[in-house]
There are 2 protein chains.
Amino acid sequence: MMSKPKVTIHDIAERLNITASTVSRALNDNPRISDVTKKAVLKAAKQLNYQPNNIAAALRNGKSHIIGVIVPTADRTFFSSVVRGIEEIANKLNYKVIICQSYDDYEKEVQTIDALLSARVDGIIASIGKNTENFKHYKRAQEKGVPLVLFDRTTEALDASQIVIDDYFGAYKVVEHLIQQGCTRIAHFTSPKKVSVFKERFRGYTDALRDNNIPFDEQLVVSSNLQLEDGRKSMEQLLQLKDIPDAVFSASDYGAMGAMQILKERKIKIPEEIALAGFSNDPFTSFTDPPLTSVDQLSITMGKVTAQIFFEHLNSAGSNNFSQKIVLKPEIIFRESTLRKQEK
Amino acid sequence: MMSKPKVTIHDIAERLNITASTVSRALNDNPRISDVTKKAVLKAAKQLNYQPNNIAAALRNGKSHIIGVIVPTADRTFFSSVVRGIEEIANKLNYKVIICQSYDDYEKEVQTIDALLSARVDGIIASIGKNTENFKHYKRAQEKGVPLVLFDRTTEALDASQIVIDDYFGAYKVVEHLIQQGCTRIAHFTSPKKVSVFKERFRGYTDALRDNNIPFDEQLVVSSNLQLEDGRKSMEQLLQLKDIPDAVFSASDYGAMGAMQILKERKIKIPEEIALAGFSNDPFTSFTDPPLTSVDQLSITMGKVTAQIFFEHLNSAGSNNFSQKIVLKPEIIFRESTLRKQEK
């Protein structure tokens, strides 16, 4: 496998003894270039195996027909499903999607923007990393005329359209459901992170309690990273209370799974003694025993809507074009882990 | 959000009334260009907000410091974990990774190669789509001097290094383990697809039976797409046999999960009456009840090794450089779904 240096318009120019600018114009079918020259350029381009790719078009009019999508990580089902939705719309419009992961690392996110700009993407769709507090790199892309649309993890600090899930609504509805199932002492697993989704889920939890005249008890709120081990520890902590909860609403499915493992190890019945609900509707939630009630974030729909808004911006480039905020209502998926009253 | 046309070297050339080629050389610090011109070009570039990005470098020497990774789909844990491994190595070497999904669609795969070439990637790492039988698009990239390395779904039709998992070994070891647990009538869920991984897993299954003097019974082999529903149907089919199996080895975790659902619905004890094993060690396999024995494909390791081989090729470009085939041994993860004899 031998590697050759890439052929550029300069090589074609050199071979024909004309300027690179003339080569570029000839390749772009510029009317100021004679047909004889155009033919010579095309012939030389072929002989030299010049890549007659989008790069020429990109340099000409900024249309590479590539969209860059930035996600914190592609190995979370939610993000990869959103990308699937984006891609469904983009492919129909003959656009290709390239995905970059920021791993919630600010420096990587900045480098990713640079990489996407250097790959001459026509626009960027992004979900912002957890640790990003400075948005200059996104502004830089916008200043270059690259449309930017944000989804899920968004910010008001940028003038960009955003598509988000109503986390407050999802949490409120889950807690309301637990109350309807007869639960009165409902615990909540949350995260101390400054990401608004967890704040909103917490707000949904407290408001649903208040609206149903159930007193808020801060002993029942456990803060962690919401991973499996955290869920185990949080559940153990709750079981040490004098007055243990009769339900747990975890702001993550993994946290709820950890709690389920502890309850099963202690032979505590789910949902009869303690009901359990998670958030995100990760694929594993339907495979647990009992299956886990969760909140579906409509990820494919979110991706499709995000792509539609993106193309609205792309196609109206240059004209007046106001940023929109679209809030999608998530859907509660009721499963056995909370169904005390219904038939199973 | 206003969109502006992208600034190119032609705009700078026009403003300064020099050729684009001179601009390009000035930006590349070519010694043939005077310092006065260089300064003027840099000043104009700044004023026009020209993107001083890797594109100039890419046009110059083919180094964009971007690697394109093609996967059938990023929402399968295996592929996204491999990408994570690739990215760990690439980032240390100051390379960015962009991911494209082929969705196992041949046309999309061809377009993806075009998009990656037009994004001027320094090289391509790919796992080939299930339906790809013609590899011209990959050859085209190689002919342009773009290094190509394949992982997991590879082909001998390309002169490219490949990193694969020893599927035969994984399957052989699982079946051997089932036999050691006392199983003598072991069924197998396989796929009729022409992908070699399923053929290799089937071969491991039959060889392990033969080496342990257990007769092969074709009634115990069920072919399907290996999804959850397929697993349910395949298990139902096996339960209709006069002589039902005492173990099922599924070539996919989802197939095994479908079987588990049926067995639990019928109150058939796992592993006492029928032991169950899957393949891939999907994250959900540790969350089922009982947890599912499976074969871990060392995805992160595979990604790291793939990246290392890739950089070997990239860095030796132009010199003699032989394609390598690296076979990784997968690891069996023993869980309760097959542990008849051990303490739980």
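Chain A of this predicted model has a mean pLDDT of 89, and 90% of its residues reach 70 or more. Here pLDDT is the predictor's confidence in each residue, from 0 to 100. Residues 53-60 of chain A fall below 50; this stretch still has 18 contacts in the model beyond near neighbours in sequence. A contact means heavy atoms within 4.5 Å. Where pLDDT is low, the predicted coordinates should not be read in detail. For the complex, the predictor gives an ipTM of 0.71 and a pTM of 0.74.

**How to read the labels**
- Residues are numbered from 1 along each chain as its sequence is written, and chains are lettered from A and ligands numbered from 1 in the order in which they are written.
- Local features need pLDDT of at least 70, side-chain atom pairs count only at pLDDT 80 or more, and totals for chains, interfaces and linings use all residues, while side-chain values use heavy atoms, with hydrogens and water left out.

**Helix α12 of chain A**
- Helices (H or I, at least four residues) and strands (E, at least two) are DSSP runs, numbered from the N terminus.
- Helix α12 covers residues 299-315 of chain A and has 17 residues.
- From first C-alpha to last, α12 reaches 24 Å, close to the 24 Å expected at 1.5 Å a residue. The expected span is 1.5 Å times one less than the number of residues.
- Buried residues of α12(A) include A:M302, A:V305, A:I309, A:F310 and A:L314. Buried means under 20% relative accessible area, exposed over 50%, partly exposed in between (1.4 Å probe, protein chains only).
- The buried residues of α12(A) pack against several elements of chain A, among them β1 (66-71), α5 (77-92) and β11 (325-328).

**Salt bridges**
- The structure holds 30 salt bridges over all chains. Each is a side-chain nitrogen of Lys or Arg within 4 Å of a carboxyl oxygen of Asp or Glu.
- A:E156 and A:K325 meet in one of them (3.0 Å, N to O). A:E156 lies in the loop between β4 and β5, and A:K325 in strand β11, 169 residues apart.
- A:E156 is exposed at 60% relative accessibility, while A:K325 is partly exposed at 48%.
- A:E265 and A:R232 also form a salt bridge (3.0 Å, N to O). This pair links helix α11 to helix α10 of chain A. A:R232 is buried, at 18%.

**A buried loop residue in chain B**
- B:T285 sits in the loop between β9 (275-277) and β10 (294-296).
- Its relative accessible area is 0%, so B:T285 counts as buried.
- Leaving out residues up to four places away in sequence, B:T285 touches B:D253, B:P291, B:L292 and B:R335.
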